[in-house]
Amino acid sequence: MEDAQIIKLFSERDELALKETRLKYGGYCMIIARNILGSEEDAEECINDALIRLWNAIPPHNPKSLQAMIGKITRNIALNRYDSSNAKKRGGGQTELVLNELTECFASTDNTRNIADSLDIQKAISRFLKSLKTQNRIIFMQRYWYLCSVKEISQNLSVSESKVKMTLMRIRGRLKEFLEKEGIDI
Amino acid sequence: MNEKDFLKILGKTDSKYIEEASPTLKPRKKRTHIVWLSAAACIGSVIITAVAFHTGIFYKPSDGNIYTQKPSVGTHESNKTNSNTDKTDTKPNKDTDKIPEQSAKWPIKRVPAESSAEKVPVPKWEDLTLAQKYPTVQINDMEFSGQNAKLTKQTVGRELADVTATGFIGEAEKKADATAYAVIGIDERCAAAIKFDGSEEYYVYINSYYLPSTLGEFTDALSLEENIEFGAASYSYFENGAYKNIEFNDLDDSVIWDMLLSDRDAKSIDNYDSHDFTAEMTVGVSIPLLGYENIALSVTEDGYLITNILNTGKAFFIGKEKTEKFTDYVIDNCTGYEIVYVSDGEEIPE
């Protein structure tokens with residue numbers, strides 16, 4: 001079913017919307033949540049929660065991209081769930097590895113509380129993403145948005161793992177330079 | 001800004017970049033072990049659903065073929081004769097280490113298929129209970145999750161703390177003030193009663209991350225002797241291209257206590273998710289006080305007692321001898337039925 005039809009079902013409060021969303025994007029959400037949490041059972045719970053939030057969000061929201069919206073919601077839920085100490089202790093899928101990689105770019109300080117709400121930083125990161133070549137941007141997003149493993153990225157894009165690692169390392173370096181140049185406190 | 005902040009900010013990036021990088025979907029091999037049902041999953045589904053379980057064990061016997069499940073059941077003579085079944089003659093023989101040519105023949109019990117969670121109406125925000133609206137609360141630096149269950153005032157103990165419960169509408173966070181109380185007979189690290197300001201009701205909240213060190217600590221923490229109820233035992237095996245699900249209804253509680261829960265020193269493992277447990281025999285358990293109905297207490301072929309009580313997997317090593325003995329006991333001494341699910345008169349293949 002087309003996204004527009006599914007969104008229409010949500011607007012009409014038809015529960016078929018949930019079934020169709022799960023059918024179309026359940027696997028997609030599973031990848032996101034499982035990469036973050038490392039557990040299929042936890043990921044399934046995230047998807048259930050995400051569907052409920054989606055149900056409560058549409059209407060009033062009328063998303064341009066249903067895929068991106070359910071993906072964002074799932075990712076947020078999974079990252080919040082990861083924040084619990086035990087999820088970290090259990091390994092948490094790719095999250096710990098990804099956070100370790102990113103430490104070279106950031107000072108790991110929490111002096112900028114509520115920073116996620118900063119529109120300026122969001123815009124700066126969008127500009128940074130736009131500046132990247134398409135394949136590099138996909139590699140970067142698959143690693144840091146979808147938290148895919150290096151091996152998965154290499155398989156998805158049919159490139160070697162060493163190329164993925166090298167590309168990521170270069171982009172992280174560019175990101176650090178970019179944020180410093182933009183005057184963003186890192 | 002730290003690395004976590006960055007991950008969160010990146011989460012709000014343009015949809016076009018998210019779609020552009022969408023990873024390839026790869027089908028995964030069907031998992032055949034217990035599917036845990038958490039409180040979170042219950043939020044959207046008002047029905048109480050039994051924990052779905054499949055008990056598949058992959059093994060490779062000497063003939064070189066990989067079978068989905070070793071039909072590991074007892075070999076000794078049945079101590080109890082059942083007029084409806086001829087289990088002794090027909091049950092698979094685990095010593096042969098092969099799928100038996102002749103299948104186990106249990107009387108068939110046809111049961112209506114339960115509606116799936118997908119068909120369950122999802123309530124609107126305004127129709128949710130307070131525990132569903134605000135499913136998360138921090139008490140003394142521990143995270144507790146709301147159950148869709150209420151407590152009577154008689155089961156509520158001392159006041160623990162003033163707390164703020166959180167929930168979401170879409171991506172917007174919502175908060176509500178409440179007071180946390182102990183639940184009588186339950187360790188304060190495991191569960192709490194939450195009373196929201198302006199409400200007279202007490203909701204059960206569970207700490208899914210509580211991890212006991214031993215089985216004895218776990219049974220004490222939840223006062224299981226007083227609070228747990230046992231249901232049917234279930235066992236499944238693969239035969240002729242399909243799963244056979246056998247249910248045993250007359251298992252005595254004392255057998256479970258003696259054979260599975262008596263080893264108080266049995267150690268808990270602290271990395272449950274890194275193990276790939278497959279349940280061999282599962283007993284349905286309920287803890288009404290905490291809102292649990294028909295969740296799982298299982299034994300594995302490699303000697304573990306596993307459960308999803310408190311929403312996350314917990315495993316205690318009680319020894320292979322005990323788990324095998326329990327499985328054999330149930331098969332030999334309890335009345336079994338092959339469960340066949342039917343929908344509109346048609347059988348649903350497993």
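1. Is Glu188(B) buried, partly exposed or exposed? Glu188(B) counts as partly exposed, at 30% relative accessibility (buried is under 20% relative accessible area, exposed over 50%, and partly exposed in between, with a 1.4 Å probe and protein chains only). Its side chain forms a salt bridge with Arg158(B), and the closest N and O atoms are 3.0 Å apart. A salt bridge here is a side-chain nitrogen of Lys or Arg within 4 Å of a carboxyl oxygen of Asp or Glu. Glu188(B) sits in the loop between strand S5 (172–183) and strand S6 (191–196) of chain B, while Arg158(B) is in strand S4 (residues 156–169) of chain B, so the bridge ties together parts 30 residues apart in sequence.

2. Some housekeeping before going on. This is a predicted model, where local features need pLDDT of at least 70 and side-chain atom pairs count only at pLDDT 80 or more, while totals for chains, interfaces and linings use all residues; side-chain values use heavy atoms, with hydrogens and water left out. Residues are numbered from 1 along each chain as its sequence is written, and chains are lettered from A and ligands numbered from 1 in the order in which they are written.

3. On confidence, chain A has a mean pLDDT of 83, with 88% of its residues at 70 or more (pLDDT is the predictor's confidence in each residue, from 0 to 100). Within chain A, the lowest spot is helix H5 (residues 85–89), at a mean of 53, and the highest is helix H8 (residues 134–144), at 92.

4. Now the overall make-up. Chain A has 10 helices and 0 strands, whereas chain B has 9 helices and 15 strands. These are DSSP runs numbered from the N terminus (helices are H or I with at least four residues, strands are E with at least two). Of the 186 residues in chain A, 58% are buried; for the 350 residues of chain B the figure is 54%.

5. Contacts and surface, for anyone who likes totals. In chain A, 63% of the contacts with a separation of 6 or more come from residues 24 or more positions apart; in chain B, 64% of contacts between residues at least 6 apart join residues at least 24 apart. Contact means heavy atoms within 4.5 Å. The accessible surface is about 8,300 Å² for chain A, 48% of it from carbon and sulfur atoms, and about 16,100 Å² for chain B, with 46% from carbon and sulfur (Shrake-Rupley method, 1.4 Å probe).

6. Helix H1 (residues 3–10) of chain B deserves a look. Of its 8 residues, 6 are buried, so this helix is largely enclosed by the rest of the structure. The buried ones are Glu3(B), Asp5(B), Phe6(B), Leu7(B), Ile9(B) and Leu10(B). Their cover includes helix H4 (66–82), H6, helix H7 (119–131), H8 and H10 of chain A. Leu10(B) touches several chain A residues, including Arg75(A), Ile125(A), Phe140(A) and Trp145(A).

7. Arg172(A) and Glu101(A) make one of them, at 3.5 Å, N to O. This pair links helix H10 (residues 161–181) and helix H6 (residues 95–102) of chain A, 71 residues apart. Arg172(A) is buried at 8% relative accessibility, and Glu101(A) is buried at 18%.

8. Lys322(B) and Asp263(B) form another salt bridge, with the closest N and O atoms 3.9 Å apart. Lys322(B) is in helix H9 (residues 320–333) of chain B and Asp263(B) in the loop between helix H8 (253–259) and strand S10 (279–287) of chain B, so the pair ties together parts 59 residues apart in sequence. Lys322(B) is partly exposed at 30%, and Asp263(B) is partly exposed at 24%. In chain A, Glu45(A), Asp49(A) and Arg81(A) are linked in a network of salt bridges.

How values were computed. Lists of a residue's contacts leave out its neighbours within four places in sequence.
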